[in-house]
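Trainee: I would like to learn how to read contacts, rings and helix packing in a model.
Mentor: Then we take them in turn.

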Amino acid sequence: MSDQEEKIDAQNGTDASEESDDAFETVNIPVSLGESLESDQTEKLRNSELEPFSGGHETHAESRSDRSEHSYVSLEEDDEQPFMGEFMSPIQVSYTSANDDKQCLTNSDNVVPPSKLHSDNTMVFLDAVKTLKESLQSSRQESSATVKVVLLPVAQEIIMPFRVDSMFKHFKDYFSHLLNVPSDVLQITSSGIVLKNNETLLQHGVKPQEIVQVEISSKNPDLYQIRRIAGLSNGSQIIAVSIETGIDQYQNVAVEIVKSDFHKPFLGGFRHKITRIEYHNAGTQTVPKKVLEKVDVFCRDTQTVHERRKFQQTTNTTSTQMTKIGVYVSNMTDKLGTPGRYFTAAEYHARRLQAVIVLQTYYRQWHAKIVVEELRRQKKLRLEWELQEELRKIREKEEWMKMDYYRRHNPKTEEDFELLYNALEFWRQEEHTRINQSLTGAERKAALCELLEKETQIIASIGRHRYIANQENQEASVQAFLDKCSAPKVWRTPFGKIIEMDTQFTIRARELQNIYKCIMLKNISQDERLDVLLTLKHTVKEHECKLTQEILELIDREVDLMMRGVKCHNLEGLRKRITTLFLHYIKTPLFNPEVARHLKVPQDPLKFYKKIYFCHSCQLYLPSTEFSISSTSQRIYRCRHCNSLDNETRKRESFLKYKCLLQRLYFSEADYDDDSKIAYLIQLQDIQHLVENIWASQSALSAWDDLNDLVMVRWEKSMQWAPWNCILLTKSEGFAHLKLASVEEGYEPLFIHKIKHKHILAKNYFSQIPVLASFILDDEEMDEIRMKYRPKTSPKIIESKGPCP
């Protein structure tokens, strides 16, 4: 078929879809001979089938078997067969008439009576039908092109054959069935051009045996979304391969290409001697079978003895012939057999026993080597662990000493100054003891005076360090307070993203913070200082009150003094007053609303008055947070500052070690997660009394007295921690103690009795506290204790003595 004829055929196919049903005629090819002889229309079909084929009209024919050969995608046969009947037409021959009046055939002109049929005519008819079928099949195969279909937006590729003279309407109907999308919603494009339903590949310049790519998308992706075809495997393609089935006979077969990432082994093959073409075995082209995992099979074959009976006597009876008179038998091949030593059953079993003993000897030797090697390995690991533990302890000790040295030389907190005063007291006591032992009389008095002067100088030096540390701590606290007020609102989304938001209050707080930082700057020029003061003045002018008026007066005074040439070091007091007043301005919620969320002092004075107590030492009314109350205290007497001052002047004790011990106790009890309560009710004074008076500030096992290495753990770990259920041990001893299943197995009765005695002492002391006594005693005993310590508040009756009547 030439190119001109293909264009004419494509144009005829396009015009045929727009004309009425009378423009072309479809004639079914008869399948059997009986059916062709039963009607008068059959003879008409013979003539009409041969004339279009010879006259050059367009003829289409395809069989049901060919439909299965041109499957487009590798789907299941059950799902593919119903729709392929709609996509591929049945066995038919279609042609278009050039002139309806001239080429229209009537039944009256071509009616052939059944009596005139002959066997020769029948054979001629069958040969013509066969020739027509083969010609149509070959023409149909030669008119197919390879179409690469891309589904958008899933980007799934499908390669399939499609006839160049078929309309795209059938193409749409086929993929509408696969995608479950209406055909009018699908849109087919090729190189940016939209392909219409009544168009063909031939109209777009695609010739047979060529490759073309088309895209299928949805016009309404929101309502009808294109998804991947589940029947196709990932990475697979389908191509049409033409196979030679005979001489000048070819058949198209759909082949699926499976992309696999495994290495295909070469299993051999052969080579054609004439064409020299290599053919490999099919094992290199198919996916290998999965090897099933073997299930462990347990049997007793190696533990049981199999007995078997076997007869040594042959079934056929044979005879032995010896030399005798008249018969000579050669003895050249005879062998002389000599009997061995005879041994009894006892000797046999003894030899077996000796062999077993040898085997056991070697086995035990091998087993002993394995055990010794394992013990050697465990010993090596144990020694390495002990070495690491020693190094860790030494490292922790060095870090503690470095931290202690740094805290003594750079004190910042109250605990640091407690260490300094404690060290000063130890030094004073040592010097006082040395003076009393070595000197007497006037020399002793002079040495004591010198010691007093040195102590005074050291106290003054500590005071200067405390003043500097307080200034730094105050500045750091003010800066942290301002940062907290100006920080944006932060929250975390469910996806883990952090969102920050600034409000008008945080922006106002940030502006005031920037002004405060500018005021605190030193070593700046006079013009820069004037700009800062001008900005401060405009900011404060927004509100009129006594505080703002005072700030404005101080600003004007500083500007006037700067204009008169007063030096900067003479203006430090004035600038400090401006900074302090502006800080009060920032902390006022009326001028900075964000600060109200971070002030510790409540805005309502009535709430503040309910928690005010009187200190009998400094004669001040202070909030309840300024008083330290122990578990055994019955009334509030002195505040924290007075207690600290009294400790610095009298005892000079350091409570840092007890604080660390109490902190370790809190952490260890938090790990149990069993709702322990008593441990969190213990205060610093209680743990000090428990360590010093009951456990003598040393370990109950090793008598180690360094509090930095001691921990307070549970005696019975199944019960919650309490002063009557604890033991003071070192860290390593406490770790080993908690591994014990029961204390009776790990300790001797004498040691257990000693610990129980200490627990009784702790009960007697802490039973005075009502909160802790509720964990020890019953309600009746608690009532007796309350009645015992209840003050007598009965009213006194005063009798008036008047004159006698």
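This is a predicted model: local features need pLDDT of at least 70, side-chain atom pairs count only at pLDDT 80 or more; totals for chains, interfaces and linings use all residues.

Trainee: Is Ser217 buried or exposed?
Mentor: Buried means under 20% relative accessible area, exposed over 50%, partly exposed in between, with a 1.4 Å probe and protein chains only. Ser217 has 18% relative accessibility and therefore counts as buried.

Trainee: How is a pair of packed helices described, and at what angle do α10 and α11 cross?
Mentor: Two packed helices are described by the angle between their axes and the distance between the axes. Axes are lines fitted to C-alpha atoms, for helices over the stretch in contact, and angles run from 0 to 180 degrees between N-to-C directions. Here α10 (residues 414-438) and α11 (residues 441-486) cross at roughly 175°, with axes that come within 11 Å. The two are therefore roughly antiparallel, the term for angles over 145 degrees.

Trainee: Which residues of α10 and α11 meet?
Mentor: Among them are Phe417, Leu420, Trp427 and Ile435 in α10, and Leu448, Leu451, Ile458 and Ile462 in α11. The contact residues divide into 13 nonpolar, three polar and seven charged. Nonpolar covers Ala, Val, Leu, Ile, Met, Phe, Trp, Tyr, Cys and Pro; charged covers Asp, Glu, Lys and Arg; the others, Gly among them, are polar.

Trainee: How many aromatic pairs does a search of the whole structure find?
Mentor: Rings of Phe, Tyr and Trp (its six-membered ring) pair if their centres lie within 6.5 Å; planes under 30 degrees apart are stacked, over 60 edge-to-face, the rest tilted. The search finds 15 pairs. Phe171 and Phe175 have centres 5.0 Å apart and planes at 50°, so their pair is tilted. Both lie in helix α8 (residues 168-179), four residues apart, and both are buried. By contrast, Phe582 and Tyr585 are stacked, at 5.8 Å centre to centre and 15° between the planes.

Key:
Residues are numbered from 1 along each chain as its sequence is written. Side-chain values use heavy atoms; hydrogens and water are left out. Angles under 35 degrees count as roughly parallel, over 145 as roughly antiparallel, 65 to 115 as roughly perpendicular and the rest as oblique. Contact means heavy atoms within 4.5 Å.
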